[in-house]
Amino acid sequence: SKLDSANSFMNEPNSGLSKKKKKKNKKKNNGITVSPIERNQQIHLNPERMAQRKARFEETQSKRNTFNPNTSPLNEVSEDLAIDFNNSSAIVGTCLDLEKEYLRLTSAPDPSTVRPIHVLKRSLEMVINHWKQYQDYGYACDQMKSIRQDITVQCIRDSFTVQVYETHARIALEKGDHEEFNQCQSQLKVLYEEIDSNNRKEFIGYLILYYIFSQNKSDLQIFLRKLSKDDVNDEVISHALQVRSAWALKCYHKLFKLYLSAPRMAGYLMDWFLLRERIQALKVIVKSYRPTIPVTFIQKELSF
């Protein structure tokens, strides 16, 4: 039948379609294209090409080893340019402008466009005052990133560096900018290992809440093992640990009570994952209290 002949044609290994493919493959093989094995053999037989390949490989490896954003705290420049900014080759800026637009680096920084630390301190104070007065996040974020960049290219790592990242983290936290807060928090995590700060415990508590927001349970467990007894007694860290416990146990009643008593800026961080947890809690309430639930009960239980 026609159906049987069609099936036999489709299953036939030497059909007209496969013959056409074979002809195309023969044409390719007769042309310039060579197999990877033959290409490698040609390279190994040619010493000049082997030397070029080795030099290209060593150049690539040196670029990777020059700058590693996972181990170096200078990843402010990693997005722009992989330059080796160590203390022996750090530049000293000469720019006296308080305001400077943030621009990604495409070449080695020019000292005339970089502000020294005494100018950066005045710039930070100006940004803080402007933020308090106008709440212009676009301007504040741009200026803070510019200050961070000038600090990075000059290899400034002291209490002022910590202050800059803490300030930007607070501004980003208040406006709900997850990306900038995460960048600042990642830098502070490294800086706190070298430089002491009165706000270290506060930001440790924020980091615990950020792990809850990102639902990063593995990193959270590793981080909690590093906490000392003194850290656990801190107000912000203690509150964050109670939130973690309530979140892990899905104890929504306790979780939303802790939201109402969040210290300092912990409430801003809890806002990031509150809607997600409210939806889960509402599902539990609907299953438990149906067929009718007073709206006032929902309002109180979910801390609206």
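Buried means under 20% relative accessible area, exposed over 50% and partly exposed in between, with a 1.4 Å probe and protein chains only.

**View 1. Overall content of the predicted protein chain.** By that definition, buried residues make up 38% of the 304 residues in the chain. The protein chain holds 15 helices and 0 strands, which are DSSP runs (helices H or I, at least four residues; strands E, at least two) numbered from the N terminus. Residues are numbered from 1 along each chain as its sequence is written. Because this is a predicted model, local features need pLDDT of at least 70 and side-chain atom pairs count only at pLDDT 80 or more, while totals for chains, interfaces and linings use all residues, and side-chain values use heavy atoms, with hydrogens and water left out.

**View 2. The packing of helix α7 against helix α8.** The axes of α7 (residues 159-175) and α8 (residues 178-191), as lines fitted to C-alpha atoms over the stretch in contact, with angles running from 0 to 180 degrees between N-to-C directions, come within 9 Å and cross at roughly 150°. The two helices are therefore roughly antiparallel, a term for angles over 145 degrees. Contact means heavy atoms within 4.5 Å, and among the residues of α7 that meet α8 are Val162, Tyr165 and Leu173, with Phe181, Cys184 and Leu188 included on the α8 side.

View 3. Leaving aside residues up to four places away in sequence, Asp231 touches Arg200, Lys201 and Ile237.

Technical notes: Angles under 35 degrees count as roughly parallel, over 145 as roughly antiparallel, 65 to 115 as roughly perpendicular and the rest as oblique.
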